[in-house]
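This report describes the fold of one protein chain for a reader new to structural work. Please examine the sequence and the structure shown here before reading on.

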Amino acid sequence: MAYQNIIYEVKDGVARIVVNRPPYNVLDIPTMREMVEALKDVKARESELKVLLITAAGEKAFSTGVDVKDHMGDKMEEMLEVFHAIFRVMATLEIPTVAAVRGHVLGGGCEVMMFCDMVIASESAKIGQPEIKVGVYPPIAASYLPRIIPMKKAMELILTGDVISAREAEKVGLVNVVVPDEKFDEEVEKFLKRLTEKSGIVLRITKRAVLAGISGDFESGLQNVECLYKHALMKTEDANEGLKAFMEKRTPEWRNR
């Protein structure tokens with residue numbers, strides 16, 4: 001489909017979704033529908049991909065969140081449906097997902113960021129869930145943030161609506177790495193290369209293993225991970241190629257199968 005509010009491209013194993021509504025990249029309903037369609041396409045072609053990058057145009061904001069007008073009246077239910085569809089599709093993705101953020105990362109923009117597997121932030125990024133200041137709460141953050149950072153910090157961020165720096169977000173585990181503003185694009189590409197130089201199929205199976213390992217108690221999680229190792233990972237050509245290359249002291253030649 002032709003996109004009006006996002007840029008979507010696939011190249012060299014990387015799918016890129018760029019929210020293209022500068023300066024603040026507000027997520028209105030049409031923009032979110034486009035994101036859902038792009039994510040569905042990513043899902044359909046995962047076997048040829050290694051990573052998904054979600055970022056935004058301009059330097060002022062990754063996104064300041066969902067359009068306030070879409071929270072009002074008869075638009076509210078449609079807004080929730082399409083916004084949450086973004087995360088429902090993302091939750092099915094087996095490839096690693098990376099958010100690259102700078103400027104303001106607020107509200108729904110922060111929720112998109114936190115739902116990605118990894119986050120790169122510029123030094124000047126300001127991150128938060130200020131919804132409570134206008135009398136509402138962020139549903140995705142309420143259900144997901146306490147899973148990825150300590151409960152007390154999640155409660156503080158959601159209940160106060162405070163906005164924190166990229167460095168503080170890094171300290172609490174909400175951001176993986178903080179990079180200088182002037183080197184943002186360069187550092188994003190370096191980070192992506194750390195993933196794209198790996199085998200695509202091994203990346204997907206390993207992500208599945210991490211998620212399987214934290215489901216349920218330790219024993220059931222470990223059994224799930226063992227099962228994937230024996231019946232999925234070791235059935236791939238790339239697992240065997242990687243081990244063989246190590247023994248032969250050479251660089252592996254990935255076939256992504």
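Two residues are said to be in contact when heavy atoms of one lie within 4.5 Å of heavy atoms of the other. In this predicted model, the buried residues of helix α1 pack, in that sense, against β1 (6-11), β2 (14-19), β3 (51-56) and α2 (76-90). The buried residues in question are Ile29, Thr31, Met32, Glu34, Met35, Val36, Ala38, Leu39 and Val42. Helix α1 covers residues 29-44, which makes 16 residues. From its first C-alpha to its last, α1 reaches 23 Å, close to the expected 22 Å.

| Property of the protein | Value |
|---|---|
| Radius of gyration | 19 Å |
| Box filled by the C-alpha atoms, along the principal axes | roughly 60 × 40 × 35 Å |
| Accessible surface | about 13500 Å² |

The radius of gyration agrees with a compact globule, because a globule of 257 residues would have a value near 18 Å. Of the 257 residues, 46% are buried. Carbon and sulfur atoms account for 55% of the accessible surface.

Among contacts between residues at least 6 apart in sequence, 67% join residues at least 24 apart.

How far apart are the mean positions of the positive and negative charges? The protein has 35 positive and 39 negative charges, and their mean positions are 4 Å apart.

Note on methods:
Residues are numbered from 1 along each chain as its sequence is written. This is a predicted model: local features need pLDDT of at least 70, side-chain atom pairs count only at pLDDT 80 or more; totals for chains, interfaces and linings use all residues. Side-chain values use heavy atoms; hydrogens and water are left out. The radius of gyration is taken over C-alpha atoms; the globule rule is 2.2 Å times the number of residues to the power 0.38. Buried means under 20% relative accessible area, exposed over 50%, partly exposed in between (1.4 Å probe, protein chains only). Accessible areas come from the Shrake-Rupley method with a 1.4 Å probe; for residues, only the protein chains shown count as cover. Lys and Arg count as positive and Asp and Glu as negative; His and the chain ends are not counted. The place of a charge is taken as NZ of Lys, CZ of Arg, CG of Asp or CD of Glu. Helices (H or I, at least four residues) and strands (E, at least two) are DSSP runs, numbered from the N terminus. The expected span of a helix is 1.5 Å times one less than its number of residues.
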